[in-house]
Amino acid sequence: MTLADRWRGWRNALIGSPGFQRWAARFPLTRPVARRRAQALFDLTAGFVYSQIAHACVRSGLLERLAAGPAEVGDLAAHLDLDRDGALRLLRAAAALKLAESAGPDRWALGVEGAALLGAPGVAAMIDHHALLYADLADPLALLRRGGGGGALAAYWTYAEGGPPDAKAAGAYSGLMTASQAMVAAQVLDAYPMGGHRRLLDVGGGEGTFLRAVAARAPDVERMLFDLPAVAERARARFAAEGLQLHATGGDVFRDALPGGADIVSLIRVLHDHDDGPALEILHAIRRALEPGAVLIIGEPMAQEHGAERVGDAYFGIYLLAMGSGRPRPAREIIAMCEQAGFVSARRIPTAMPMIASLIVARA
Ligand SMILES: CC(C)=CCC/C(C)=C/CC/C(C)=C/C=C/C(C)=C/C=C/C=C(C)/C=C/C=C(C)/C=C/C=C(C)/C=C/CC(C)(C)O
Ligand SMILES: C[S@@+](CC[C@H](N)C(=O)[O-])C[C@H]1O[C@@H](n2cnc3c(N)ncnc32)[C@H](O)[C@@H]1O
């Protein structure tokens, strides 16, 4: 047993002792820490309830209604299709979580977390689609024991287990990705603004929302997209409707050659969807399509990111398990995979919010 093991054993025995907990909660100098730790443990215990309160606020349209201005309970109840008691119970719960707040007797307004939620693109859509994730997580040990997949999320992300999506499935997941892409694109493009590049190929580019963000910042960069046929078709239709140039190719990165001619390729929220063998295949396929000196950027939430472990390791670790394919990887593993696929000078570039996306840049 190492010295660190002994220290950990002593620490855990002390913190786990009811007598010490009682003493620390009463002693004035330790009381604030004891209260904070107890609250943190309670939050861990009750997280699902908080999430479902947020879910009720999003799905009922409460937050959007409050964003339009403070309102009385009776009006809100009618808007939410709840009776007065139900509306009041939801409002009090939402206020405890700062999603709403009291604005006088019988009057309610939007709270600070509610305002941040409505302002962060795609978060409401994510909360709404979590119904699928939570259905899969009803028995988390069973999910872990069967190695993941086989449930509602795997059916949603058809390419994870069931093959290419039809038009309906492509529309559902691509819509969710579009709703949340603005915050990812902001992280990636603030860290790597694309200046100096001529032609960008976005592999797994969905319906082209990342490329639209690129077009807004660097309109001179030519845009190419590669995705499964039903998804690429959506991108083609959207760009045509907006009069924006796009060269969209429908295909399967594991079977079809990627279009050549790009001097930069982006992989945004794609690599972590795939197990190690297929992920390495994707990197090889990109390397084959690039001339020496061209650049690859990989943007996605990563594992073991300092301060973002809850997002990378806990949330995406379990999300991708439920989806049935892939895992969040630490930056150093992605860098090693890039080198294995023949890229050089792979390195990370810091982003402002690693919980949304970290970034790796490599050269062919
Ligand atoms: C004015 C006064 C009085 C005070 C001001 C005080 C002050 C400075 C306050 C700060 C306010 C502020 C700027 C708040 C900002 C809040 C932000 C930016 C919040 C952002 C939150 C983002 C969240 C919650 C993101 C959630 C993302 C999720 C759940 C993403 C899920 C993604 C999935 C499922 C992707 C799936 C793709 C796949 C399949 C894995 O490939
Ligand atoms: C999680 S989404 C990310 C979409 C987009 N890059 C974004 O960040 O919003 C993953 C994308 O990879 C695409 N994809 C999955 N398997 C693929 C394959 N074998 N060949 C090409 N594209 C694939 C999906 O259709 C989907 O659009």
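Predicted model: local features only at pLDDT ≥ 70, side-chain atom pairs only at ≥ 80, totals over all residues.
Residues are numbered from 1 along each chain as written, and chains are lettered from A and ligands numbered from 1 in written order. Local features need pLDDT of at least 70, side-chain atom pairs count only at pLDDT 80 or more, totals for chains, interfaces and linings use all residues, and side-chain values use heavy atoms, without hydrogens and water.

Select ligand 2. It has 18 residues around it (a heavy atom within 4 Å), with Tyr-173, Gln-181, Gly-204, Asp-227 and Ile-268 nearest. Show polar contacts (pairs of N or O atoms within 3.5 Å). A side-chain N or O atom of Gln-181 is 2.8 Å from a ligand 2 oxygen. A polar side-chain atom of Asp-252 is 2.9 Å from a ligand nitrogen, and a backbone N or O atom of Val-253 lies 3.0 Å from a nitrogen of ligand 2. Alone, ligand 2 exposes 590 Å², of which the protein buries 95% (Shrake-Rupley, 1.4 Å probe). Helix 12 gives the most to this shell, three residues (helices are DSSP runs of H or I, at least four residues).

Next, select ligand 1. Its shell holds 17 residues, the closest being Met-126, His-272, Asp-273, Tyr-315 and Tyr-319. An N or O atom in the Asp-273 side chain is 2.6 Å from an oxygen of ligand 1. Colour helix 16 (309-323); it supplies the largest share of the shell, five residues.

Finally, select helix 13 (residues 209-217) and helix 14 (residues 229-242), whose axes come within 11 Å and cross at roughly 35° (lines fitted to C-alpha atoms over the stretch in contact; angles run from 0 to 180 degrees between N-to-C directions). Thr-209, Leu-211 and Arg-212 of helix 13 meet Arg-238, Phe-239 and Glu-242 of helix 14 (contact: heavy atoms within 4.5 Å).

Methods
Helix = DSSP H or I, 4+ residues; strand = E, 2+ residues; numbered from the N terminus. Polar contact = N/O pair within 3.5 Å; in protein donor to acceptor, adjacent residues only side chain to side chain.
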